[in-house]
Amino acid sequence: MHKETTIEQAIATIPNGATIMVGGFGSPGTPFSLIEELLRQRQTGLTLIKNDANEQGLGISRLVEAGQVRKLVTTHIGLNKKIVEMMNGGSLEVSFFPQGILAEKIRTAGAGSFGFLTDIGLHSEITDPTDVMEYQGRKVKIEAALYADFALIHAHQGDHFGNLVYRATAMNFSPLMAMAADKVIAETPNLVTPGTIPPATVHTPSAFLTSIVRIDADGPEYQLMEGRYEP
Amino acid sequence: MSLDRILKRAAHEIQDGQTINLGIGLPTMLVNYLPPERDVMIHAENGVLGAGAKATHETASPSLIDAGGTYITTRQGSAFFDSAVSFAMIRRSRLDMSVMGAFEVDQEGNLANWKIPGKFSPGIGGAMELAQKTRNILILCTHQDKHGNSKILKKCTLPLTAEKCVSRIITDMAVMDVTAEGLVLIEIADGLTIEQVVQATDAPLVLGDEIGRF
């Protein structure tokens, strides 16, 4: 039940070609330390699943820029010109989903199901008309569940068993990804003894976790970014 | 100046007790135009209900942003949740209004605001679900693009975000409602004539009984 491990050991379990879900919406919730270790260990041919591509020089953008990523599954990369450029130039395959559909595909996998029916985007170019079917009198299409080999998660607080607590909008996709991936690695700057976190405030229960890593989170990527608040 | 006019007018659309989503860009700036006593719950799709004003260096937290990446505060009675819950709220039509930008809107209320093929395709984000599932879509945009072409069209030419979803459009020149009879002109900006607005608009405009000014 004790899941604390070193960051080197945790990331070394990831092979080349792995499919990895990465928590975070922009910077909040991005597991910068785990990503940094992946950059150092240089696994390649990765498929990453994340809401966005972070910003140039930050987070998963560094993995893409370093050529370790084959494919990105995401919702919006408008804040990262470099990644847009790589996509347009053909050096990175990008697959887009509407944001809530991506979340629901991940949640569905996390719930052990294989797909759901939706009417989102039926009349838009994201839907192949031959995929539209009728179910109980409604026009719908099937969205497949999205599973992954690994999830990399940042939690505000965690215990040695792997119970996790997220903070504010750093939660976003993390609890869903923690359910959907086969192996789940979390980083936290606040690793506490089991029993410290009141049971009713746990966001991700320990059963979903594979390993938990203590980090410092004193690097600039974990701090406020200039120019994004009132002066 | 023209954006200021749009936002001032748009602030009158927001009522006490509403739950609303403000899209990235111009709509987000609407927060600063609401009277402080306005009792609204602002939804940000990255997982907040009850978003407040932009944070200062003192009040900002690295864990709390809006969907555009700006550090924000929260109001009393706010809540945080994951992305599946956030979009359940949207798809289950729990939002009273979404305020969005537009590249093009047409007389049937079709909306294009996510992609310009060959030029701009950063992904759809939350726009499609917001546009398709919110009861009331308020569009804020300049009336014309920077080349002087009308954004208010007979028929959208760009890939649609959602079909027949728009209720009202506020531009720097006019306020228009989407109705079964077409686009109804209900207000024009101070200093303009009805003729000037009609001239600047690709879509035919039905003149309202009483056209106000803003």
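Predicted model: local features only at pLDDT ≥ 70, side-chain atom pairs only at ≥ 80, totals over all residues.
**View 1. The three-stranded sheet of chain A.** Strand E9, residues 157–159 of chain A, pairs with E12(A) in the parallel sense, and two bridges connect them. The sheet to which they belong is open and consists of three strands in the order E10-E9-E12 (chain A), with mixed pairing. Strand E10 (164–165) and strand E12 (191–192) of chain A stand at the edges, and because each has a single partner strand, one side of each is left without a neighbour in the sheet.

**View 2**

**View 3. The pairing of E1 and E8 in chain A.** Strand E1 (residues 19–22) and strand E8 (residues 148–154), both of chain A, run parallel and are joined by three bridges. Within this pairing, A:Val22 has A:Leu152 of E8(A) as its bridge partner.

**View 4. The contact between chain A and chain B.** Chain A contributes 37 residues to the contact, and chain B contributes 35 residues. On the side of chain A that touches chain B, helix H5 (99–110) and helix H6 (174–180) of chain A each supply at least two residues, and the largest share, five residues, comes from H5(A). Sorted by class, this side of chain A has 18 nonpolar, 13 polar and six charged residues.

**View 5. The crossing of H5(A) and H2(B).** H5(A) packs against helix H2 (residues 83–91) of chain B at an angle of about 125°, with the two axes 9 Å apart; H5(A) is therefore oblique to H2(B). The crossing in which H5(A) passes H2(B) is left-handed. From H5(A), the contact is made by A:Gln99, A:Gly100, A:Ala103, A:Glu104 and A:Arg107, and from H2(B) by B:Ser83, B:Ala84, B:Phe87, B:Ile90 and B:Arg91. By class, this contact of H5(A) with H2(B) has four nonpolar, three polar and three charged residues.

Conventions: Residues numbered from 1 in each chain as written. Chains lettered and ligands numbered in written order. Contact = placed C-beta atoms within 7 Å. Helix = DSSP H or I, 4+ residues; strand = E, 2+ residues; numbered from the N terminus. Nonpolar A, V, L, I, M, F, W, Y, C, P; charged D, E, K, R; others polar. Pairing = 2+ DSSP bridges. Axes fitted to C-alpha atoms, helices over the stretch in contact; angles between N-to-C directions. Parallel < 35°, antiparallel > 145°, perpendicular 65-115°, else oblique. Left-handed = near helix turned anticlockwise from the far one by under 90°.
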